[in-house]
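Let's walk through this one together, starting where the chains meet and finishing with the fold of a single chain.

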Amino acid sequence: MALLPRALSVGAAPSLRRAVRALTCAMASPGELQTPAPAAASFDYLVIGGGSGGLASARRAAELGARAAVVEGHKLGGTCVNVGCVPKKVMWNTAVHSEFIHDHVDYGFQSCESKFNWHVIKEKRDAYVSRLNTIYQNNLTKSHIEIIHGYATFADGPQPTVEVNGKRYTAPHILIATGGVPTVPQESQIPGANLGMTSDGFFQLEDLPRRSVIVGAGYIAVEIAGILSALGSRTSLMIRHDKVLRNFDSLISSNCTEELENAGVEVLKFSQGVQTDDKGHIIVDEFQNTSVKGIYAVGDVCGRALLTPVAIAAGRKLAHRLFECKKDSKLDYDNIPTVVFSHPPIGTVGLTEGRNREVMVICASSSKLLLAKITVCKLHQPFSFWGSARWVLVCRIFSVCPPSKCPTSPTPSPLSFSLSPRLQQLRRFQPTLLPLGYQISLTNTELIKNLTFVTSVFLQVVGIHMQGIGCDEMLQGFAVAVKMGATKADFDNTVAIHPTSSEELVTLR
Amino acid sequence: MAAMVVALRGPVGRFRSRTRAWTRGTRGAANAAGGQQSFDLLVIGGGSGGLACAKEAAQLGRKVAVADYVEPSPQGTKWGLGGTCVNVGCIPKKLMHQAALLGGMVKDAHHYGWEVAQPIQHNWKKMAEAVQNHVKSLNWGHRVQLQDRKVKYFNVKASFVDEHTVCGVDKGGKTTLLSADHIVIATGGRPKYPTQIKGALEYGITSDDIFWLKESPGKTLVVGASYVALECAGFLTGIGLDTTVMMRSIPLRGFDQQMSSLVTEHMESHGTRFLKGCIPSVIKKLPTGQLQVIWKDHASGKEDTGTFDTVLWAIGRVPETKNLNLEKAGVNINPENQKIVVDAQDATSVPHIFAIGDVAEGRPELTPTAIKAGKLLAHRLFGKSSALMDYSNVPTTVFTPLEYGCVGLSEEEAVALHGQEHVEVYHAYYKPLEFTVTDRDASQCYIKMVCLREPPQLVLGLHFLGPNAGEVTQGFALGIKCGASYAQVMQTVGIHPTCSEEVVKLHITKRSGLEPTVTGC
């Protein structure tokens with residue numbers, strides 16, 4: 001699920017943390033178990049949290065023959081369906097209509113004077129969301145997954161056990177997929193903080209607020225500010241620094257700030273006082289294992305890539321590992337594409353320019369040593385066919401210099417980077433491009449100057465960052481290609497689809 | 001990829017520099033004799049391909065000229081520099097498609113809480129003016145670009161005198177002789193008129209005219225089943241005009257047929273009328289100024305008649321080769337379709353004369369392929385490159401009301417090539433989130449990915465029917481060009497909630513017979 005401000009800080013419920021601790025103790029000293037617990041209902045797989053990740057994992061496990069149960073204290077579907085992606089996108093679509101209505105006159109439609117009625121969309125949106133709740137319910141019933149209503153706490157027991165409304169449930173595998181909730185600043189930090197609302201409250205609003213202040217610079221803040229402003233609320237966005245989306249590519253970050261201001265959102269910069277707490281995530285390894293055997297966590301509660309499809313994919317991979325004996329089944333967290341439904345929307349996948357900027361690598365080609373510099377550079381240009389837009393292709397340049405130019409005594413350390421399958425495939429044609437090597441320090445600027453031989457074949461596109469109309473639907477296919485390790489040459493060789501915005505990405509010179 | 005091609009092609013590269021030196025010498029002599037202007041490269045046709053080739057060659061430091069001339073349509077429509085795409089094709093088409101989509105949006109708006117005063121009227125004149133102004137700005141842009149790159153532009157109708165010389169005639173009848181070492185023919189094509197049908201030429205219009213009409217076409221009959229026909233009928237219906245499509249046989253020949261029928265099914269359910277298996281026989285002008293069309297229904301053998309304000313022919317296109325005097329230069333055409341016969345290097349039967357774009361035989365009639373071919377040709381001629389245009393996996397999108405984007409093989413082609421037992425088709429009917437609140441019917445929102453059956457299941461083709469298909473398809477085309485397999489597509493995390501994520505979620509095979517309707521996130 002994309003929406004809620006776990007990015008700012010996830011407050012994994014403290015009670016849950018306590019529960020995990022209790023369980024750890026129990027496991028550490030099983031002999032100390034005193035009172036025999038009342039008999040617990042037992043399952044093969046117990047999932048705590050009926051959101052995207054939990055439901056996907058439970059259903060996949062059930063398909064693989066496991067007896068599964070889902071514990072959920074609220075509505076099924078979790079953040080995504082109830083207070084996240086789904087209602088958010090509905091509101092975004094609503095806001096996009098206001099932009100269309102502006103365009104109508106230019107396209108020859110007359111008398112487009114319009115008023116906006118918040119009640120209509122609120123009602124339809126709620127109806128749609130509850131339809132989805134029912135679908136989720138039916139899906140679980142069809143898959144013979146038991147739904148346990150209530151909130152789970154871990155309990156002592158010989159096997160991982162949880163307690164819901166006084167009843168005990170046990171399973172050899174328990175998945176924590178409880179997601180997160182928006183953070184509210186402490187009353188002691190900001191007096192009156194409780195008078196504000198979070199994204200959850202936004203979806204309960206019965207009327208369009210006439211005047212709104214959104215505090216935060218993350219994508220949820222940007223999305224909500226854009227929606228409110230487009231629908232006619234006088235909107236201010238209060239941010240701590242000078243730009244929104246500061247962990248995005250710098251071009252996107254400044255462009256989005258500009259777009260917000262152009263759209264009439266007042267951006268209040270350098271304001272003081274909002275602190276976020278970034279603790280509370282459950283720590284998991286790449287296989288979603290927590291520190292306790294038999295207990296796993298997926299999704300927002302882990303604090304990594306807080307997106308619905310990530311939770312779904314991780315949940316399914318886990319089910320395959322647990323119930324199909326696929327030992328190495330895990331989610332690859334690299335190159336996860338994501339879209340911010342700002343106005344216009346932002347699409348981003350892969351590295352930004354800021355990270356991994358320059359890495360020097362020594363390549364060993366059978367007998368001789370070659371030095372390769374990997375630079376992350378960006379190629380960008382604005383495009384404007386269907387409205388203002390900008391995008392950046394971030395590329396890794398693989399350049400190779402002759403062995404004589406190699407630094408004298410590098411301290412070899414294990415290489416942290418490996419070639420993608422696509423580049424390995426290209427290696428057949430470019431034998432100098434070998435992945436074996438060692439990382440060295442970056443201090444020798446003289447060497448960098450000597451590196452010249454660069455062709456588009458050596459340009460691996462490692463990131464795409466864009467903002468513009470249509471970027472939301474454009475990104476997915478490009479993400480497949482970036483994941484495959486597509487090079488700039490591959491982009492050049494792809495024929496454009498005319499006239500679209502996406503063709504700009506393959507026609508860059 | 002380019003580098004691979006270079007490596008493979010290197011040894012067979014032609015001795016172009018030597019040939020060039022030789023022709024230069026002879027041309028110098030001719031120059032002294034006559035007063036003609038001579039160039040390294042002369043491009044006939046200022047459309048997408050021709051302009052791209054000319055500009056690229058100029059950037060490589062060559063002396064380049066472009067000869068472009070628009071013969072008015074039978075209805076008298078004419079336009080500026082830039083060719084079909086800019087003036088009477090992609091650009092105005094997509095803008096009018098956008099106008100139609102906006103019309104749908106107005107209808108939807110009240111579901112989203114917008115109280116829009118109904119009914120909303122559409123004003124053709126206003127739209128056409130806005131579209132035409134944009135086109136004119138593009139015409140101007142092309143002129144400026146040629147000037148910036150020092151490409152000499154001649155607004156003349158060109159025909160060959162000999163294999164190195166072309167005679168250009170301007171509007172006033174003044175002639176200019178142009179000669180060049182290399183000549184590129186990029187004259188494109190024009191809509192076909194069914195001249196055997198009485199009244200067709202006098203009363204019918206084509207896509208050359210529709211975008212330049214000053215008044216609304218009113219009740220329109222579109223004849224044909226090509227993408228041009230369906231796109232025009234789609235936007236005409238969308239802006240509220242009574243529109244009928246008359247087609248002889250199947251829609252979108254050459255495209256995947258399952259997708260094609262979904263496209264027409266969607267149009268039918270959104271108000272476009274279809275007369276299938278019908279052929280018009282006579283067009284008459286009534287005293288009211290309306291057109292009476294008589295047609296024959298081939299299934300029943302019966303004749304029928306209807307009255308329309310406009311009849312639009314979209315039954316195909318013919319290459320512009322008739323007026324070029326190609327025989328003077330010795331350039332061969334295919335007598336069946338009048339297209340210029342070319343080899344893989346885009347060379348015609350005369351080695352220094354080339355043809356690119358719609359006028360060349362066997363090439364897709366698409367702007368981006370013509371542009372790419374033009375640029376690559378310029379590099380082969382003047383840039384020490386030998387890279388050829390790769391025509392495999394060319395993506396395209398049909399901008400019907402529900403857009404259809406595709407790349408690679410259709411299901412039929414894949415089965416014909418690899419056999420039914422080696423092809424796996426993943427498919428899904430999905431409902432765009434945008435449609436849910438407005439209760440829009442999504443029965444035709446459908447995706448299918450055609451793969452090899454053997455793991456890792458190489459993707460052979462992707463077909464996407466739904467909103468924003470053009471934007472969705474481009475990136476996947478890149479992936480497929482890189483050799484994506486089904487497994488690799490599935491490894492990519494989805495973007496939620498979008499329509500494009502449905503592609504990376506495809507998991508139901510046709511072979512399984514399971515219900516392919518997507519439910520939930």
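How many residues of chain A are in contact with chain B, and how many of chain B with chain A? It's 85 residues of chain A against 83 of chain B, with contact meaning heavy atoms within 4.5 Å. Before going on: this is a predicted model, where local features need pLDDT of at least 70 and side-chain atom pairs count only at pLDDT 80 or more, while totals for chains, interfaces and linings use all residues. Residues are numbered from 1 along each chain as its sequence is written, chains are lettered from A in the order in which they are written, and side-chain values use heavy atoms, leaving out hydrogens and water.

Together the two chains bury about 7400 Å², with 66% of that on carbon and sulfur atoms (accessible area, 1.4 Å probe, lost on putting the two parts together and summed over both). As for charges, the count across the interface is 1 salt bridge (a Lys or Arg side-chain nitrogen within 4 Å of an Asp or Glu carboxyl oxygen). Lys89(A) pairs with Glu434(B) in a salt bridge, their closest N and O atoms 2.9 Å apart.

There's a strand pairing too. Strand E4 of chain A (residues 114-116) runs antiparallel to strand E3 of chain B (residues 114-116), joined by 3 bridges; pairing takes at least two DSSP bridges. Within it, Ser114(A) sits opposite Val116(B).

Now chain B by itself: 17 helices and 23 strands, counted as DSSP runs (H or I, at least four residues; E, at least two). Its C-alpha trace spans about 75 × 65 × 50 Å along the principal axes.
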